[in-house]
Amino acid sequence: MKNILAIVERELRAYFASPVAYVVLTIFVLLSGVFFQTILRQVVQMATVNALQSQQFGAASQPIDVPGLISQSFLGTLSVVLLFMLPMITMGLFSEEKKRGTIELLLTAPITGFQVVMGKYLAAVSFYAIMLATTWVPTSVLFLYGDPAWGPILSGYLGLLLYGVALLAVGLFISTLTENQIVAGVLSFGTILMLWMVDVVAQSATATTRAVLAYLSILGHLDEFIRGVVTTSHVIFYLSLMTLGLFLTYRSVDSMRWRG
Amino acid sequence: MISVQNLTKRYDTTTAIADVSFSVEAGEVLGFLGPNGAGKTTMMRAITGFLPPSAGRITVDGFDVFEDPLEVRSRIGYLPESPPLYPEMTVEGYLRFVAKIKGVARIDIADEVTRVMDTARALDVAHRINGRLSKGYKQRVGLAQALLNDPPVLILDEPTVGLDPNQIHEVRELIKEWSGDHTVILSTHILPEVEQTCSRVVIIDRGRIIAMDTPENLVHQLKGAELTLVEVAGPLDDILERFRAMDGVVSARDMGSSDARHRIQVETDLRVDIRPRLARTIVEGGWGLFEMQSSRMSLEDIFIKLTTSDAEASPVHAEDVAVAPEPTSGNTEDFGDSENDTEADA
């Protein structure tokens, strides 16, 4: 555990010693702010129109849950923004070590490959947690000026967290495959995009294939969390993807010793 | 301390190390000497467990590299070919991190980091960023890192490469300091380095050990005779006669004369240092002594002889090494001289 923490600490310091952390955080905060503002304006407009219509026609139309709708759209949008951001968190974690030769230090130190992998992974997850935490700034606006239901927001964040930890594990694995962090970043992004698009591909397939491909879609599993439903099968999906990613990372790091 | 048995490392098509066995006693400084690409780095990586061998067994302090990798790694301080530094960290921060993963107790970390920085003469850059250090300081920080937690075994891959003459001298002095309480394996393709620092030399060429002994024994084994070159003024025939009559002298030859000075090459039996008696003879004869030089066959001559002796040997290897001698070391001079002399003799 001590070894894992030492690596977590080093990686977090390394994030903030390079421009990557600041660029990723700045862009993310900026984008999430802009999107929140856009969503806010649209939903409020929609609600106003809706209210005017029901006044005019006297018909008791369904009232709109303004804060709920805003938070749902916001969290959904965040998942797309994260698609672009997550590969940047993991792309350098192993590729840079390989390029600089520092991997030789880690793999000849009296620590296990598992500790190296977990240290790096937990650092990436911690950084991701910081990113998610920043989105509470716009979200808190909802609590200041409205009374949104806690449930869907918390479950939505849980969903985003699971979604992130799964994709970070995939990205971590990909960064073990190359010495070039740009290649790792693009590969991770491509892989995540593929996992995202499989259900689009699924449209034209047979029923069984469609079901399988739709199950593999990483975004499909997020919907229910955002709508406030936490289902075991979705939790298991993300955790399995995370475990698979970490397992592959571990094997890949172990095999670096073999391949040299 | 370290035992390597039948170590073989194959890559897809090539064999980097072929059935190599040797052992290193505690406190020894063993030098791997060989041309670039001979398999020195591969061999060191195999001992650290970074690169598992295709076949063979390696033990360090009784622990198998394969079965107890953590025990082995905790006993080895390793300086890879290029110092494994994180460029964005400060020297001190970096060493603190390495100390942690090497298992230095939390309360001892500060002292231990200061100790290794002091030993490796890197204290003055403690707060500098690794990435901005000069090559020499990077190498020192790499050495400091290897010393953390005081491992009994140090494996140093080309510790002096890229350093300037003063730094090379310093690093060699450091290695000499550490020998004794540490077992050191170092690799180099610079020949005077092994002559100066190592108690035993392993000459490697294309993945095979072609010679292993102390530097002195290697020199003696491969050399037929000891040659001494003297420059004397006096009657040539008389001088040659007197020299030839001396005990232990095999031959004395005139190598050329000018201005009544004669260059005479005296060949003696192995391990006989004729110089004091030669000087006395010259003084007793009332002649003038201008120069006297023992032309020992250097490790370089041996190395070239060994690595090019078999039919397949490509001359490129020998040339590489012949060009490689660092221009810096104090004995480059007699190095070059001796080479010429032996060649002239042959």
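Let's start where the two chains meet: in this predicted model, 18 residues of chain A are in contact with 22 residues of chain B. Which elements of chain A give two or more residues to that side? They are helix 1 (2-17), helix 5 (102-108) and helix 12 (232-259). If you sort the chain A side by class, you get nine nonpolar, six polar and three charged residues.

Now, the inside. The largest nonpolar core has 133 residues, and those with the most contacts inside it are Ala166(A), Leu168(A), Ala169(A) and Leu95(B). Helix 8 of chain A, residues 150-175, gives the most to this core, with 14 residues. Take a look at Leu168(A): leaving aside residues up to four places away in sequence, Leu168(A) touches Leu86(A), Ile89(A), Thr90(A), Tyr121(A), Ala124(A), Val125(A) and Tyr128(A). Another core, of ten residues, lies apart from the largest one, and includes Val232(B) and Ile264(B).

Let's finish with one helix, helix 6 of chain B, residues 165-178. From its first C-alpha to its last, helix 6 reaches 20 Å, close to the 20 Å expected at 1.5 Å a residue. Which of its residues are buried? Ile168(B), Val171(B) and Ile175(B). After the helix comes Gly180(B), with a positive phi near 105 degrees.

How values were computed: Residues are numbered from 1 along each chain as its sequence is written. Chains are lettered from A and ligands numbered from 1 in the order in which they are written. This is a predicted model: local features need pLDDT of at least 70, side-chain atom pairs count only at pLDDT 80 or more; totals for chains, interfaces and linings use all residues. Two residues are in contact if their C-beta atoms, placed from the backbone, lie within 7 Å. Helices (H or I, at least four residues) and strands (E, at least two) are DSSP runs, numbered from the N terminus. Ala, Val, Leu, Ile, Met, Phe, Trp, Tyr, Cys and Pro count as nonpolar, Asp, Glu, Lys and Arg as charged, and the others, Gly among them, as polar. A nonpolar core is a set of buried Ala, Val, Leu, Ile, Met, Phe, Trp, Tyr and Cys residues joined through C-beta atoms within 7 Å. A residue is buried if 20 or more other C-beta atoms lie within 10 Å of its own, exposed if 12 or fewer, and partly exposed in between; C-beta atoms are placed from the backbone. The expected span of a helix is 1.5 Å times one less than its number of residues.
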